[in-house]
Amino acid sequence: MSTFSRGCGAALCMVVLGACSSGGKEPVYQQEQFTAGSNYSRKFAASPQATCEAARRTLLSQGYVIGEARADAVEAKKTFQPEKELHVELNFRVTCAPDRDGSVAFANAEQNRYTIKKTNSAASVGVGMMGSISLPLAGSDDSLVKVGAETIPPGSFYDRFFALLQHQLDQVPRTPLVTPATPPTPLPSAPAVPGTVPVTVPLTPSTPAPADRPVSTIVPG
């Protein structure tokens, strides 16, 4: 075999090994699009407080356990057991922020998978001069071990959540804003003259003037 053929063969092997090592898939972070039309958020014609309250009611109605509920954020979780030794936990987070026409709700759900790990128990038994011997017992300790985690991608899952959130908003009557009446402004009083003491003069009823007495006329006899 010529030197050229051996060189081409080595280069071809390097290309094949490189393709196998990369798996032909792009890195995960390259899949992030950062587009404005993401389905992780939805706008609502309500205040952030009302939107987050509707989100809390939505999660409660579907069996989620509320871990934290604030005026601008809600966190909840729900557990599943699709198989005998497989447990799945959904962690749901909703954040409400003010928007020009009301509010915008950002939703994010994470799926964690757990499996059961069994650990056999052992006990040590002392046997005279031989020391101690470890004997396995029939019992075992079971524990959950996390085997995977994934953020649920945008799609029908979030569409159903936002649709039910809008339904919860429609069920709550909206109280119209009432502007309190402004009290009338009192008229300014005349300023007091320095060095004077205000005197209160009691009002007394006026005494009527005496009537004219009749004048007797003496007539000579």
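## The disulfide

Cys52 counts as buried because its relative accessibility is 2%, below the 20% cut-off. Cys96 is also assigned to the buried class, since its relative accessibility is 5%. The structure is a predicted model, and the values in this report are computed from it.

Cys52 and Cys96 form a disulfide, with 2.2 Å between their sulfur atoms. The structure holds one disulfide. This link ties together distant parts of the chain: Cys52 lies in helix H2 and Cys96 in strand E4, 44 residues apart. The angle about the S-S bond is 110 degrees, and the link of Cys52 and Cys96 is right-handed.

## Overall architecture

The protein contains three helices and six strands. In sequence order these elements follow the pattern α-β-α-β-β-β-β-β-α.

Of the 221 residues in the protein, 17% are buried. The accessible surface amounts to about 17600 Å², and carbon and sulfur atoms account for 60% of that area. Among contacts between residues at least 6 apart in sequence, 55% join residues at least 24 apart.

## Strand pairing

Strands E2 and E3 pair in the antiparallel sense over four bridges. The hairpin that joins E2 to E3 runs through three residues. Across this pairing, Ile66 stands opposite Ala76 in E3.

Strands E3 and E4 are likewise paired in the antiparallel sense, over nine bridges, and the hairpin joining E3 to E4 has two residues. Here Ala76 stands opposite Phe92 in E4.

## Nonpolar core

The largest nonpolar core has 22 residues. Leu59, Phe92, Val94, Phe161, Phe162 and Leu165 are the residues with the most contacts inside this core. The elements giving two or more residues to the core are H2, strand E3 (73-83), E4, strand E5 (102-126) and helix H3 (156-171). H3 provides the largest share, five residues.

Leaving aside residues up to four places away in sequence, Leu59 touches Tyr64, Ile66, Val74, Ala76, Phe92 and Phe161.

## Aromatic contacts

The count of aromatic pairs comes to seven. One of them is formed by Tyr64 and Phe92: the ring centres are 6.0 Å apart and the planes are at 75 degrees, so the pair is edge-to-face. Tyr64 sits in the loop between helix H2 (48-61) and strand E2 (65-69), while Phe92 belongs to strand E4 (residues 86-99); the pair thus links distant parts of the chain, 28 residues apart. Both Tyr64 and Phe92 are buried.

Tyr64 and Phe92 are also members of one aromatic cluster, together with Tyr40, Phe44, Phe157, Tyr158, Phe161 and Phe162. Three members of this cluster, Phe92, Phe161 and Phe162, are listed among the residues with the most contacts inside the largest nonpolar core.

Key. Residues numbered from 1 in each chain as written. Predicted model: local features only at pLDDT ≥ 70, side-chain atom pairs only at ≥ 80, totals over all residues. Heavy atoms only, no water. Buried < 20%, exposed > 50% of the residue type's maximum accessible area, 1.4 Å probe, protein only. Contact = heavy atoms within 4.5 Å. Areas by Shrake-Rupley, 256 points an atom, 1.4 Å probe, with all protein chains shown as cover. Phe/Tyr/Trp six-rings, centres within 6.5 Å; stacked < 30°, edge-to-face > 60°. Disulfide = S-S within 2.5 Å. Core = buried A, V, L, I, M, F, W, Y, C linked by side-chain atoms within 4.5 Å. Pairing = 2+ DSSP bridges.
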